[in-house]
Structures are given as C-alpha cells and as structure tokens.
Amino acid sequence: VRRAAMRSACANNLRQHGMACHAFRDTNDHFPPGTVPGTDLPPDRRLGLHTVLLPYLEQDATHKKLRPAEAWDSAANRAAVLN
C-alpha cells in the first residue's frame, strides 16, 4: 500500500512539472531553458531549469528569494531554498 501511494505521489509530481513546463511555454512561446540565462556565470554554476518553473508550481515566495545572478550554491541561494 505504501509503495502504491509513493508511486501515485511521484506520478502526480511529474504531472505537475509537465504542466508547469507547458504553462511556461504558453506564456513565453518557448520551453524553459536548462539554466537561468543572462548571467556571466558558466552554465554549470547557474541556477537550473526548476528556478524558472517555481512560479508555475505555486512557489512564488521561494522564487523571489533566489538570486539568479549568483551561483546555485551561493550562500544566499542556499538560504533561500532551506528556509
């Protein structure tokens, strides 16, 4: 029973992420980029795809705390995710 509940929760989370990607596309006429664009950071130091999807996943408060110009593991971005 637990396994079936976990499988159902996982499927629901994947469905929500898929719907968020399509909502982003409908708003911006393209799917979300793999990393946050417009910074001087190398791609492996940028915030990722999920950062731009947060508003579409009803996570506006976390999205507003993140600093896209800073590396994903900067102190400010770690604090935003942990709080």
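Two residues are in contact here when they have heavy atoms within 4.5 Å of each other. With that in hand, take the contacts in the protein chain between residues at least 6 apart in sequence: 36% of them join residues at least 24 apart. Keep in mind that this is a predicted model.

What does the secondary structure of the protein chain come to? The count is four helices and zero strands, so reading from the N terminus you get α-α-α-α, as helices are numbered from that end.

Here are the whole-chain values in one place.

| Property of the protein chain | Value |
|---|---|
| Accessible surface | about 6100 Å² |
| Accessible surface belonging to carbon and sulfur atoms | 57% |
| Residues that count as buried | 19% of 83 residues |
| Distance between mean positions of the 11 positive and 8 negative charges | 12 Å |

On the charge side, the protein chain has 11 positive and 8 negative charges, and their mean positions sit 12 Å apart. As for the surface, carbon and sulfur atoms account for 57% of the accessible area.

Where does Thr51 sit? You'll find Thr51 in helix 2, which covers residues 49-53. Is Thr51 buried or exposed? Thr51 counts as buried because its relative accessibility is 11%, and the cut-off for buried is under 20%. Which residues does Thr51 touch, once those up to four places away in sequence are left out? The partners are Val36, His63 and Leu66.

How values were computed: Residues numbered from 1 in each chain as written. Predicted model: local features only at pLDDT ≥ 70, side-chain atom pairs only at ≥ 80, totals over all residues. Heavy atoms only, no water. Helix = DSSP H or I, 4+ residues; strand = E, 2+ residues; numbered from the N terminus. Buried < 20%, exposed > 50% of the residue type's maximum accessible area, 1.4 Å probe, protein only. Areas by Shrake-Rupley, 256 points an atom, 1.4 Å probe, with all protein chains shown as cover. Lys, Arg positive; Asp, Glu negative; His and termini not counted. Charge placed at Lys NZ, Arg CZ, Asp CG, Glu CD.
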